[in-house]
Each structure stands twice: as C-alpha cells, then as structure tokens.
Amino acid sequence: MKLRDEHVFRVQMNDLNVRMQMLQNNEMDAFFFPEPQATMARNAKNPVLLDTRALDMQMGVIVFREKEMRRPERHKQLDLFVKAYNAACDSINKYGVKRYRDLIVKNCGVANVVVDSLPKDISYRHAIGPRQKDIDRVEKWLNNK
C-alpha cells in the first residue's frame, strides 16, 4: 500500500535526542536519522524504511553566509576549516569510526554498544561543491512542492 501525500505530515525535529525519545515512545511513525542514531534505532529493532546510501545522494552540506564570505579573513578560516575537515575524513576512513569511540559516546550520547554496531562501510568524503545531479534532484523536489 502506498502512502498518499495527504496522509503524511512532515514534522521537523532538529534535536536528535528529542527525535530518539519520540521514537522510543512511539510518538511518530517514521524518522530520519544520521549515524550513530540510525544504528541506535536499528539496535532497538525498529524497521529501516530507507537507507540513503542506496540513493547515491550527497546530503551533507556546509553553509556560509555570502556577506561574511566577502571578508578576506573568512576565506582563510574557510580554507583552514576545509583542511581540518578533510584531515578528519582521512583519519576516520583510514582507522575507522571505532577508533573515535570515546568522542562518539561523549558527543552523540550513545552507548559503546552502538559504536560497536555501526556499519563497517562508513566512509567520509572530502568537502567539495555540490554535484549537479544533487542540485537537479533538489530543484525537482522543490518544484513539486
């Protein structure tokens, strides 16, 4: 059975902890989670309706205000940020996320067992501009709204 749009109410909950509590309390029917919260939900035997890794979408974004980017010191900060981000990607891709268990547990509020259960194939890409096919997909989605 296919869901009809008029039966789907899209609620935006930015706080991942609130979203997880709502899942645990059966307050909504479906949630969209990043890792490690997605693994936490899978560990609790919640069904996976969609795994975005199968969609060939690059969903992560870093956004800067255009006005601020006109300042030369912001360009230096951006260059340093991208350099540090890319180095972090390289380190995680080389050593795996489990090497950063303590940071994940502390900053994401998950148990060690969640970190141990993370998918083995997690990898991170360097910061790049958006791909045209992702821009096209977003534009199509927005035009259908």
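Which side chain meets that of glutamate 73 in a salt bridge?

1. The partner is arginine 71, and the N to O distance in this salt bridge is 2.6 Å. A salt bridge is taken here as a side-chain nitrogen of Lys or Arg within 4 Å of a carboxyl oxygen of Asp or Glu. Glutamate 73 is partly exposed at a relative accessible area of 41%, and arginine 71 is partly exposed at 33%. In this note, buried means under 20% relative accessible area, exposed means over 50%, and partly exposed lies in between (1.4 Å probe, protein chains only).

2. On the basis of the values: this is a predicted model, in which local features need pLDDT of at least 70 and side-chain atom pairs count only at pLDDT 80 or more, while totals for chains, interfaces and linings use all residues. Residues are numbered from 1 along each chain as its sequence is written, and side-chain values use heavy atoms, with hydrogens and water left out.

3. The whole structure contains eleven salt bridges. Side chains of opposite charge can pair when their charged atoms come close. One of the pairs is arginine 42 with glutamate 35, whose closest N and O atoms are 2.9 Å apart. Arginine 42 is partly exposed, at 29% relative accessible area, and glutamate 35 also counts as partly exposed, at 29%.

4. A further salt bridge joins the side chains of aspartate 121 and arginine 53, at 2.9 Å from N to O. This pair links distant parts of the chain, 68 residues apart: aspartate 121 lies in the loop between helix H6 (112–117) and H7, and arginine 53 in the loop between H2 and H3. Helices are DSSP runs (H or I, at least four residues), numbered from the N terminus. Aspartate 121 is exposed, with a relative accessible area of 53%, whereas arginine 53 is partly exposed at 47%.

5. The loop between helix H2 (37–43) and helix H3 (66–69) also holds lysine 45. Lysine 45 is exposed, because its relative accessible area is 74%. Its C-alpha atom is separated by 23 Å from that of valine 11, 34 residues away along the chain.

6. Aspartate 134 belongs to helix H7 (residues 132–143). It counts as buried, because its relative accessibility is 11%. Leaving aside residues up to four places away in sequence, aspartate 134 touches Asp56, Met57 and Gln58; contact here means heavy atoms within 4.5 Å. A network of salt bridges links Asp56, Arg131, Lys133 and Asp134.

7. Helix H7 also contains glutamine 132, which is exposed at 51% relative accessible area. Its side chain makes a polar contact of 2.7 Å with the side chain of aspartate 136. A polar contact is a pair of N or O atoms within 3.5 Å; within protein, one must be able to donate a hydrogen and the other to accept it, and residues adjacent in sequence count only if both atoms are side-chain atoms. An α-helix has 3.6 residues a turn, so residues three or four places apart point the same way.

8. Helix H4 (residues 72–95) has 24 residues and reaches 35 Å from its first C-alpha to its last, close to the expected 34 Å. The expected span is 1.5 Å times one less than the number of residues. Asn86, Cys89 and Ser91 of H4 are buried.

Definitions and conventions
Helix = DSSP H or I, 4+ residues; strand = E, 2+ residues; numbered from the N terminus.
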